[in-house]
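Biologist: I'm new to this one. Can you walk me through how some of its helices pack?

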Amino acid sequence: MTTTERSFARRIDLTSLQLFVAVCELGSIGRAAEREFIAASAISKRLSDLEATLGTPLLYRHTRGVDLTPAGESLLHHARSVLYSLEKMQGELSEYADGVRGHVRVHANISAIVQFLPEDLGVFRRAHEEIKIDLEEHLSTEVLRAVQEGAADLGICHLAEGASELQSLVYRHDRLVLIVPTGHALADQGPLDFMASLDHDHVGLHTNSSIYVATRQAAMAAGRSIKLRIHVTGLDAMCRMIENGLGIGVMPGGAFELMRGGVGRRLTSVALTNDWAQREIRLVARDFSTLPVAARTLVAHLQASGEAVRTRAEPRAIATSLA
């Protein structure tokens, strides 16, 4: 932080920001004064001082109340963000007083959340009750951005271009499969190339999802396009659409197996032979060595869990190759 930035931060009064937000929300200094139990003249003085500090008018004052200037609209956005961060900080710090001795912010993509994290985090939670984990689901690109910008301590996703500045470790492997209704023309053809599906309508995930990007790139490389009729935001919604004859789709095989007893009971998965269908899910951080102790403990647990799964899978792979 430069000297000028430090000086600016010291001159901004948090109480004045709170009062500014209250005036904006209520549209009146008088009503804000009633809600905040403070004299209207005191609020007016604070707002004038704030405008002097920033060197620009923030409000248009008139007989009916106030309206925001362009600068005021910008400040309102930032003020709400600052106050929200302070509330979140207060909440997290109060948990330490209640016995929580660690807090890890995790952003993960849907593949990791559906297939692997419920069990792995459940085991971790039982072994480390003093550590709190905040988990949010995002697209892989958004996970990487959150880690890069410091909004998340740890990311769990498929590594993509643009993540070269981040460190990553292998967590799990998954494979994409084609989901079709039972009895579909492709259901009994065994492992097939994704190109064989392009004559049929597709149900796809969000256009920025790693699965959609991979399938679109594969089709473009072959000079084809995907007949994408429906976009959904979740794997369960995809299964329901496919089950009702609205198309076929690509999703992680492990996630489909978990859904077989529910929305996927009248569906069939078909293995894909394409190299891009075999994927790595990785743990991502700006620098693993500088993570807080709680976050490093979680990383070690997730690494060990993934390694145990890979170790169990190796004997089966060897047996299959010898058969």
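This is a predicted model: local features need pLDDT of at least 70, side-chain atom pairs count only at pLDDT 80 or more; totals for chains, interfaces and linings use all residues.

Modeller: Start with helix 2 (residues 14-26) and helix 4 (residues 40-54): they pack at about 110°, axes 10 Å apart. That makes helix 2 roughly perpendicular to helix 4, a label for angles of 65 to 115 degrees. Axes are lines fitted to C-alpha atoms over the stretch in contact, and angles run from 0 to 180 degrees between N-to-C directions.

Biologist: Which residues of helix 2 and helix 4 make the contact?

Modeller: Helix 2 brings Thr-15, Ser-16, Leu-17, Leu-19, Phe-20 and Val-23, and helix 4 brings Ile-43, Arg-46, Leu-47 and Leu-50. Contact means heavy atoms within 4.5 Å. Seven of the residues in this contact are nonpolar, two polar and one charged.

Biologist: At what angle do helix 2 and helix 3 pack?

Modeller: About 120°, with the axes of helix 2 and helix 3 (residues 29-36) 8 Å apart. The contact involves Leu-19, Ala-22, Val-23, Glu-25 and Leu-26 of helix 2, plus Ile-29, Arg-31, Ala-32, Arg-35 and Glu-36 of helix 3.

Biologist: New topic. How many helices and strands does the chain have?

Modeller: Twelve helices and eleven strands. These are DSSP runs, with helices (H or I) of at least four residues and strands (E) of at least two, numbered from the N terminus.

Key:
Residues are numbered from 1 along each chain as its sequence is written. Side-chain values use heavy atoms; hydrogens and water are left out. Angles under 35 degrees count as roughly parallel, over 145 as roughly antiparallel, 65 to 115 as roughly perpendicular and the rest as oblique. Ala, Val, Leu, Ile, Met, Phe, Trp, Tyr, Cys and Pro count as nonpolar, Asp, Glu, Lys and Arg as charged, and the others, Gly among them, as polar.
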